[in-house]
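This briefing goes through a predicted model.

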Amino acid sequence: MRVDNAMSISAINALRGVKSRRDDAPGGGPDAAVFSQRAKDIQTAFEALQATPDVRSAEVTVLRAQIEEGTFQVDEDALAEKLLRGLH
């Protein structure tokens, strides 16, 4: 017999009166997971990253104004240095 998500295995077992192994486990409660400190740190970093905007609006506003006014200056030496550092 094929069951296509019409009823989950746990629902079928409940109808049949079959207990899950979890019900017989000490404590009789749901499973628990323990996460390492590194996993917690990664989660904290991920949440901080999600809260950070993709665009630094203040910097974009300043640069846009400089470009429109014709006062935007590029430091060619610094740009070349960064480009060359990126090649290594």
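**Helix α4 and its end**

Helix α4 covers residues 57-69, which is 13 residues; at 1.5 Å a residue it should span 18 Å, and its end C-alpha atoms are 18 Å apart, so the two values agree. The expected figure uses 1.5 Å times one less than the number of residues.

**Nonpolar surface patch**

- A nonpolar patch on the surface is formed by Leu 63, Ile 67, Phe 72, Val 74, Leu 79 and Leu 83.
- Together these residues have about 550 Å² of accessible area.
- Two or more residues of the nonpolar patch come from each of α4 and α5 (76-86).
- Leu 83, one of the patch residues, is located in helix α5.
- Leu 83 counts as exposed because its relative accessibility is 55%, and exposed means over 50%.

**Overall fold and exposure**

- The protein has five helices and zero strands.
- Along the sequence, the elements follow the pattern α-α-α-α-α.
- Of the 88 residues in the protein, 1% are buried, where buried means under 20% relative accessible area.

Definitions and conventions. Residues are numbered from 1 along each chain as its sequence is written. This is a predicted model: local features need pLDDT of at least 70, side-chain atom pairs count only at pLDDT 80 or more; totals for chains, interfaces and linings use all residues. Side-chain values use heavy atoms; hydrogens and water are left out. Helices (H or I, at least four residues) and strands (E, at least two) are DSSP runs, numbered from the N terminus. Patches are made of residues with over 30% relative accessible area and no salt bridge: like charges are joined within 9 Å, nonpolar side chains (Val, Leu, Ile, Met, Phe, Trp, Tyr) within 5 Å. Accessible areas come from the Shrake-Rupley method with a 1.4 Å probe; for residues, only the protein chains shown count as cover. A salt bridge is a side-chain nitrogen of Lys or Arg within 4 Å of a carboxyl oxygen of Asp or Glu. Buried means under 20% relative accessible area, exposed over 50%, partly exposed in between (1.4 Å probe, protein chains only).
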